[in-house]
Amino acid sequence: MTTEAKVRVHHLTRVEGHGNIEVDVKNGKVTKCQWQVPEAPRFFEAMVRGRHYTEVARVTSRICGICSIGHTLASLKATEASLGIKVTEQTDLLRRLLKHAENFDSHVLHVYFLAAPDLVGAPSVLPLVKTHGDVVTCALRLKRLGHEWGSLIGGRTTHPTTAVPGGFSSLPTAKELQALKDRLLSAVPDLEATVKTVAALAPKIPAFSRPTEYIALHDKVEYGLYDGVISSCMPDGTKSTWPVSDYRKVTNEYVVPQSTAKYTKNKLDCYAAGALARFNNNFEQLHPEARKVAQALGMKPVCGNPYLNTAAQAVEVVHSVHESLRLIGELLKKGLRDEAPVKPARFGRGAAGVEVPRGILFHEYEYDKDGMCLMGNCIIPTNQNHGNIQKDFEKLVPELVKAGKGEKEMELALEMLVRAYDPCISCSTHYLDVKFTR
Amino acid sequence: MPKAKAAFFDFACCEGCQIEMTNFGDAAFLELLNHIEIVEFREAISEKTTEPIDVAFIEGSFTREADRARLEDIRRRAKIVIAYGQCATTAGINALKNHQKDYKECVYGKDAGMPHLDSAQALPISAAIKVDYNAYGCPVNKYEVLQIVSHLLHGKEPVIPNHPVCVECKRRETVCRYHEGDHCLGQVARAGCGAPCPAAGIPCEACRGFVDHPNEAALKKVLKEKAGFSERRADGKTLMWTANQRGTSTPKHDAKTPALTAPQGGKQ
C-alpha cells in the first residue's frame, strides 16, 4: 500500500499534442486523479465557414499533421454526402489504399518511436540507435515506406494534395503502382521483425483491464477503415450499429473544466476508439496473416486491456500491407482510367465517418447554393478517448496504491497508459501533464 | 568539432511539420544525427534540457499571452531561432479565425465563456520574439529545413526564397491552372516548394504565404476576371494561409483579451 504520492507530469512527452496528469495520494487515499487537456484550441469549425467546397478539406486536413489523410478523406466524404456526389469505384479503391498507407505510417511511428522506448527502459528512440541499431533502421525504413506509399496516392502524406471532392486530381501510373506492390512485398521481412520485436516486449505490457464500450466503423466489404456504419462492442461482446448520419446520438459531446477538448459518451460513462476498438468490433475481417499476429501476441476479442492498443496497432500494420497488396492487384487488373472528379448534384448537408489511426472520426458540413460552407462539425477520436482515459486512471491508480507502487512507477504506468491510446491532442485540441500533490 | 545542439518546440499547430522530420528515411536521418545532437523534442523523445542550445526549431503559432514567457526562455537559450512551418512564420491557417468575432461561440456554444477556452489572435512566433530564419510551408518542405541546417553548419547564410510559385511552374513546364479553366494563387505565393500542386492538377493555395510586397489588388482582379470568381469568393480566397499578410497593419494581441488562464493544467 502506498500512503503518500504526488505525480506531476507537465507536457507529457512522446504523444501528439499537450496533456497533463495530476494524481495525489494522501494517507493511502486517492484525493485527486485527473487527466487534463489544456491544449490551445484552434476553432476549425468556425474557420470552415465561408470556404468554398473545394477548400474545406484543405482547411480541415490541418487539424492534424499525423492523421491529415484521414481528416482529408472524412472531409471529402462529408462534402460529397452534402453535394450528392457518388465517386467511382476506382476512386473508392485508391482512397482505401491511401487510408491503409496512413494507418501503417502512423502505427509504425507510434509502436517504434513513441511506445517501445518505455518497454526497454529508454527515454526515447535516440539512445536505441547505439544499442538496438537494427531495430531503429528497420523502423526508419518502414516509416519511409509509409510516407512513399501515401505520397504516391495522395501527393504527400502530411496534408495530401491530389484527393479532391469527387475523385483525384492526378493518378499514379500502373508502373508506379506495380513498384509500390514490389516494395510492400519486400517489406515482409521487416514486418516479421516488427512482430518479433513486439512479441519480445509484450510481457512488459502491464496487465490491466476495465470493462469498456468500444466504438468503431464496421464495413461490410472489409475491416472497417475507409467506410461503414458505427458499431459498438460492449464488454460482453454484444454489438449494435447505427448509420453514420446518427453520429451525434452516439457521441453525445460535452464540455468539462479540465479540458479544452470536448468529451463523449454513449451507453456507458465513456467509450474507447482506436485500433483496439476496431480489433474488438471487426476481428473476423482481419487478413489471415494479421490474425496470426494477434494469436502470436496472445490477443483475442473482446480485449479490455487499453495498454494492448499498441499491440492491436502492430496487428493492423500487417493487415494494411496484405490488404493493400490485394487492392493494388485489383486496381492493376481493372486498369487505371483518367477520370475527371465527379461534379456536385445539389448543395445541402451531409456527414461521414472514417477510421483514422486513433479511432473513429466524424465530419459534417452544410453548403449554400454557391457551394460555400455554412457550418462544420468535426468529432475527433482522441476526444472520444479522453473520458475513457480518465475512467482508466480512476481504476488504475487505486490498484497501483494497493500494490504499493512508488511515485516513479506510478508515473510511468500512467504515462504508458496515455501513450497506449496514441492520443492526438492537437486534433482534439492539443496537451498532457501527470501531477501528484502531497 | 562538437555536434550542434538542436531542440524542437511546438505551439498551436497540427505538428505535421515535425512529423515531416521523421520522413527522411534511415540513411538521411542517421546521417543528420552525425552532425546535430537533438536535446529536446517533446513529441519524439522524453529527454529535456534547460541548457543553452545552438539551434531552436519552433513550430506553431503564438495564440495566447501565456505562451510568451516560454518563447522568451527559448530565445534566451538559443543562438539561432528558426520558425518552421506556416503556423510559426505567418500564423498560417490558424489566422483564419482572426477576422471572425464569434469563433468561440461557434465551436463551444453556451460553454464558450469558460475561461480555459479563451484564445486570442493567432500570430507568428516573430510577434513574441526575434526569429532568425523562416522555413515556410504547410507542411514545411523537409528538404528545405535540411538545406538551412546544412548551410548553418557550414557557416553559410541560408537562402530563403522570395519569388512567386509561377517561376517554379515555368521551370518544370507545368501548364498554367488558368489555361485549364481553373484558378491559382501562384502569382503572389512564395515559392520554395517546387510547385507540386499545380503539377498535380490543383491550384496553388499559397500555403507558404505571400512573397514580400504582393500585388493583392491584381490577384483579386485576376481571380474575378480570369477565373470568374464572385467578389466574396475572391476576397475569401486570399485569406486561407495569408490572413495575417493582408493590408499593412500587423495584428497584435489585444491587451483587453484575457490570456488562457490554465494552460499548465494546474488550476481547476
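Predicted model: local features only at pLDDT ≥ 70, side-chain atom pairs only at ≥ 80, totals over all residues.
**Exercise 1. Find out how the radius of gyration of chain A fits that of a compact globule.**

Solution. Start with the length: chain A has 438 residues. Finally, look at burial: 60% of the residues of chain A count as buried.

**Exercise 2. Describe the side of chain B that touches chain A.**

Solution. Begin with the contacts: 55 residues of chain B meet 55 residues of chain A. Then ask which helices take part: α1 (16-20), α2 (26-33), α5 (103-108), α8 (196-199) and α10 (231-237) of chain B each give at least two residues to this side. Last, sort the residues of this side by class: 29 are nonpolar, 15 polar and eleven charged.

**Exercise 3. Work out which residues touch the most other members of the largest nonpolar core.**

Solution. First, recall that nonpolar side chains tend to be buried together in soluble globular proteins. The largest nonpolar core here holds 201 residues, and Val315(A) and Ala56(B) touch the most other members. Next, see where the core comes from: helix α4 (residues 89-119) of chain A gives the largest share, 13 residues. Now zoom in on Ala56(B): leaving out residues up to four places away in sequence, Ala56(B) touches Ala7(B), Phe9(B), Ile74(B), Ala78(B) and Val81(B).

Notes
Residues numbered from 1 in each chain as written. Chains lettered and ligands numbered in written order. Contact = placed C-beta atoms within 7 Å. Helix = DSSP H or I, 4+ residues; strand = E, 2+ residues; numbered from the N terminus. Nonpolar A, V, L, I, M, F, W, Y, C, P; charged D, E, K, R; others polar. Core = buried A, V, L, I, M, F, W, Y, C linked by C-beta atoms within 7 Å. Buried ≥ 20, exposed ≤ 12 C-beta atoms within 10 Å, placed from the backbone. Rg over C-alpha atoms; globule rule 2.2 N^0.38 Å.
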